[in-house]
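Some questions about a predicted protein model are worked through below. Each answer ends on the value or name asked for.

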Amino acid sequence: MTLLHQPHHDGSPAYVDDEAPRLGDTVTVRMRSHTDDPIEDVWLRTTYDAEPVFVSASRTTEGETTWWAADLLVHNPVTHYRFLIARADGQQWLAGNGLVDLDVPDAADFKLTSYDPAPDWARDGVVYQIFPDRFARSASADERPIPGWAVPAEWTDTVAFEGSDPRTPLQFFGGDLDGITDHLDHVERVGADIVYTTPVFPGESNHRYNATTFAEVDPLLGGDAAYERLSQAVHERGWRILGDLTTNHTGDTHEWFRAAAADPQATTRTYYYFNHDGTYANWMGHGTLPKVNHGDPDLRAAMVEGPDSIVGRWLQPPYDVDGWRIDVANMTGRLGPLDVAHEVARAVRRTAASLREDPLVIGEHNHDASGDVDGDGWHGTMNYSGFSWPVWSWLRSASTPARAFGRPLQVPRRNGPAVVDTIRAWQGALGWQATTSSWNVLSSHDSARIRTMVGSPALHRVAAGLQFTMPGVPMLFAGDELGLEGVNGEDSRRPMPWSSSDEWDTATLEVYAALSSVRRSHAALRRGGQRWAYVDDDTIAFVREHALGSVLVVARRAAGPSFALPLTLGTHLLGTEPGSPEADSGVAPASDSPRLDIWSV
């Protein structure tokens with residue numbers, strides 16, 4: 001049986017007739033199988049208040065497809081379900097991680113949540129991440145005095161990136177917010193429409209995650225007025241802008257912490273975790289990053305709750321930020337026996353929703369976010385586990401100098417079946433709604449660049465193709481589209497080479513622009529389901545399905561032969577390498593090199 005003939009279900013409109021039900025609603029869910037599959041019966045299994053309930057599915061046939069449908073009562077805020085498949089020779093479960101022959105835990109069940117989904121603009125858009133110090137300098141940047149903590153650098157200087165080099169967090173290139181505004185035409189050329197900047201609050205470092213205050217925008221970036229200008233310019237284009245807020249810690253020079261450290265009776269003392277000897281909890285042993293105490297109601301009021309909080313203030317005029325990426329979301333509100341992480345996530349989202357019609361809140365989480373994203377907190381996550389790591393492991397060069405990220409060893413090089421199994425497992429763990437709202441990341445300010453990881457322009461473009469065609473929201477780190485390199489997060493923060501455009505990888509830039517266009521013009525790539533079509537060591541193919549038209553994606557990490565599919569291939573929509581492969585109606589053509597292609601089907 002080909003992969004496309006296997007039983008299938010996902011959370012897309014073809015299989016769930018209401019993606020955003022309310023508590024108490026009844027939703028029809030469907031499973032498809034092939035008419036040659038000798039399935040005798042199918043039951044929908046759900047749990048009401050943690051008690052299993054089985055509902056017999058009805059059967060209809062359309063051509064070679066058998067549809068099994070059952071009504072699912074949304075009895076709990078997050079309703080789990082799976083399908084029990086009966087054949088004469090045995091039974092199988094179909095759950096979020098695929099077909100299984102064993103009785104497995106409920107963790108990978110399909111999930112239907114009654115909480116509001118991420119806004120349409122966030123699911124349909126393309127995110128462009130900008131590290132302000134390294135993106136662009138405006139004409140007024142030279143007029144600002146260099147702070148005492150900074151190590152000044154020229155725009156073309158080599159980035160200090162070793163952890164042992166004291167210059168690494170202090171090297172100051174002087175990019176600013178007006179520089180971003182001046183280069184929005186480039187962002188448009190790439191095809192992005194959501195501008196996400198890393199922190200803009202003052203901090204005694206180039207990354208600014210060690211904030212000294214949340215009350216103003218760093219004057220080195222142009223201050224509040226420059227942020228207002230950037231937001232206005234972004235919104236005039238019909239785009240959105242996201243801020244970056246660290247809710248887990250501040251800098252040790254933050255006004256709250258300085259007052260608390262100087263006076264045990266200070267009103268902000270309870271904002272932090274001080275020990276009797278004056279030491280304090282911090283982020284991962286870094287004394288410059290004292291951890292805040294979300295068990296303290298005054299801290300929560302100041303940071304995340306209500307219109308006057310830090311979360312609330314910047315979502316309102318004149319800044320009108322459309323939402324937040326929350327730094328270290330996985331650790332926020334967690335310390336030893338205390339765990340109020342979900343309460344904090346709910347407070348952030350509740351505050352945002354009270355002030356804006358359609359805000360987005362994304363939580364940073366670089367391992368298992370499955371317990372944090374299916375409720376009424378974070379809409380999604382930076383999907384390192386479910387997208388980045390499996391794609392890196394499939395495409396990475398055996399000799400890459402890229403450093404490990406999130407683990408002590410570089411990701412192992414894996415074959416296509418192992419990668420698909422990994423992606424399926426994470427889609428099951430996170431759930432369809434969270435997966436499709438999370439960010440597909442190839443590079444970020446914390447990781448090596450994708451070009452360095454794969455070591456090849458062609459493989460880089462295959463990775464970009466997967467980033468734009470897999471379920472999820474593409475997030476580019478500024479410079480990916482030009483082929484910038486970097487062996488770790490700090491090295492990846494190289495300044496944008498505006499003055500040497502003749503050295504840009506324009507072929508890759510054009511592929512990013514084309515991918516953005518194809519994704520925007522095909523609902524299947526933004527809202528469609530996903531069925532795996534063909535997998536071998538060096539090839540991964542899948543169909544994205546939607547009522548408005550479906551597409552076939554074929555990704556190859558090496559040359560490979562043609563293969564047959566039970567599909568009729570239509571128009572060739574995009575190839576990441578030159579040429580438009582000739583395709584027979586049911587055959588994906590051979591390739592003599594790595595590439596990714598998209599056809600209508």
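Q: What radius of gyration does the protein have, and what would a compact globule with 601 residues have?
A: The C-alpha atoms fill a box of roughly 75 × 60 × 45 Å along the principal axes. For 601 residues, the globule rule gives a radius of gyration near 25 Å, and the protein agrees with this. The value for the protein is 25 Å.

Q: What percentage of the 601 residues is buried?
A: The protein has 16 helices and 30 strands. A residue counts as buried when its relative accessible area is under 20%. The buried share of the 601 residues is 61%.

Q: Among contacts with a separation of 6 or more, what percentage comes from residues 24 or more positions apart?
A: Contact here means heavy atoms within 4.5 Å. Of the contacts in the protein with a separation of 6 or more, those between residues 24 or more positions apart account for 68%.

Q: Which strands are the edge strands of the open sheet?
A: The open sheet has eight strands with parallel pairing, in the order S21-S20-S17-S14-S13-S10-S23-S22. An edge strand pairs on one side only, and this applies to residues 380-381 and residues 439-441. The edge strands are S21 and S22.

Q: What angle does helix H14 make with S23?
A: Helix H14 spans residues 457-469 and lies across S22 and S23. The direction of H14 relative to S23 is at about 140°.

Q: Where in the chain is arginine 87, the salt-bridge partner of aspartate 37?
A: The closest N and O atoms of aspartate 37 and arginine 87 are 2.8 Å apart, and both residues are buried. Aspartate 37 is in the loop between strand S1 (26-34) and strand S2 (39-48), and the two partners are 50 residues apart. Arginine 87 lies in strand S6 (residues 78-87).

Q: Which residue meets arginine 595 in a salt bridge?
A: The structure holds 41 salt bridges, and in the one formed by arginine 595 the N to O distance is 2.7 Å. Both partners are buried. The partner of arginine 595 is aspartate 597.

Q: Why does aspartate 320 count as partly exposed?
A: Aspartate 320 is found in the loop between H8 and S17, and its phi is near 55°, a positive value in a residue other than glycine. Aspartate 320 is also linked with Arg240, Asp322, Arg356 and Asp358 in a network of salt bridges. It is partly exposed because its relative accessible area is 23%.

Q: Which residues does the cis peptide bond with omega of about 5° join?
A: One of the two residues lies in the loop between helix H8 (310-313) and strand S17 (323-327). The cis peptide bond joins proline 317 and proline 318.

Q: Why does valine 328 count as buried?
A: Valine 328 is found in the loop between S17 and strand S18 (334-335). Its phi is near 50°, a positive value in a residue other than glycine. Valine 328 counts as buried because its relative accessibility is 6%.

Q: What is the relative accessibility of histidine 8?
A: Histidine 8 lies in the segment before S1. Leaving aside neighbours within four places in sequence, histidine 8 is in contact with residues including Tyr15, Leu94 and Gln530. Histidine 8 counts as buried because its relative accessibility is 13%.

Conventions
Residues numbered from 1 in each chain as written. Predicted model: local features only at pLDDT ≥ 70, side-chain atom pairs only at ≥ 80, totals over all residues. Heavy atoms only, no water. Pairing = 2+ DSSP bridges. Helix = DSSP H or I, 4+ residues; strand = E, 2+ residues; numbered from the N terminus. Axes fitted to C-alpha atoms, helices over the stretch in contact; angles between N-to-C directions. Salt bridge = Lys/Arg side-chain N within 4 Å of Asp/Glu carboxyl O. Buried < 20%, exposed > 50% of the residue type's maximum accessible area, 1.4 Å probe, protein only. Rg over C-alpha atoms; globule rule 2.2 N^0.38 Å.
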